[in-house]
Amino acid sequence: MLTFHLNALDGILSLEPSGPLQASDFEALAREVDPYIEKNGYMNGLLIHAPSFPGWGDFAAFLSHIRFVKSHQHYIKRIAAVSDSGILSVLPDIAKHFVQSEIRHFDYADHDVALAWLKGEG
C-alpha cells in the first residue's frame, strides 16, 4: 500500500509505503501527478519516506513500478530516499544509472532536511 501527497505549491510529491506495493498504487499515483506535470512541465521533487522497503505484492506491481519510473523520471528534478532501509540507502547509487533526476539518501529521522533539499534550501 502506498500513501501519497502532492504539495502543488512546492511541486513536491511525498510517498509513504506501508505495505507491499500494488499495481493499483502506481495507477492512482499517475492519476494524481500526470495532470500536475502536464500543467507545470515538471515536479521539483519526490520524497520517499519509509522506515524499510516493503517490496511488491506481485510481479505485476513490480512491472507497474518500473513503467511509472520510466515514464515519469524525466519530469522530476530531485529524489530524496528518506529511510534506514539498506535497499533504499543504496538507491541513489543504483538509480543514477537509469534516472536523470538528482538522487540523495537521508536517514529516516532527517525528513525535514530532505524536504529542505528538495525545495532547494539545502
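**Aromatic rings and parallel strands**

Modeller: In this predicted model, one aromatic cluster is formed by Phe-53, Trp-56, Phe-59 and Phe-62.

Colleague: Why is the pair of Trp-56 and Phe-62 called edge-to-face?

Modeller: Their ring centres lie 4.9 Å apart, and a pair needs centres within 6.5 Å.

Colleague: What makes Trp-56 count as partly exposed?

Modeller: Trp-56 has 33% relative accessibility; buried would be under 20% and exposed over 50%, so Trp-56 falls in between. Phe-62, at 28%, is also partly exposed.

Colleague: How many aromatic pairs are there?

Modeller: The count is five. One of them is Phe-26 with Phe-68, a tilted pair with 6.2 Å centre to centre and 45 degrees between the planes. Phe-26 sits in helix H1 and Phe-68 in helix H2, 42 residues apart, so this pair links distant parts of the chain.

Colleague: Why is Phe-26 called buried?

Modeller: Because its relative accessible area is 6%, and buried means under 20%. Phe-68, at 11%, is buried too.

Colleague: How do you know that strand S2 pairs with S3?

Modeller: Four bridges join them, and at least two are needed, so the strands pair, and they run parallel. Ser-14 stands opposite Leu-47 in S3.

Colleague: What joins S3 to strand S4?

Modeller: Six bridges, again with parallel strands, and Leu-46 stands opposite Ile-79 in S4. The chain crosses from S3 through helix H2 to S4 in a right-handed β-α-β crossover.

Conventions:
Residues numbered from 1 in each chain as written. Predicted model: local features only at pLDDT ≥ 70, side-chain atom pairs only at ≥ 80, totals over all residues. Heavy atoms only, no water. Helix = DSSP H or I, 4+ residues; strand = E, 2+ residues; numbered from the N terminus. Right-handed = clockwise from strand over helix to strand, strands pointing away. Phe/Tyr/Trp six-rings, centres within 6.5 Å; stacked < 30°, edge-to-face > 60°. Buried < 20%, exposed > 50% of the residue type's maximum accessible area, 1.4 Å probe, protein only.
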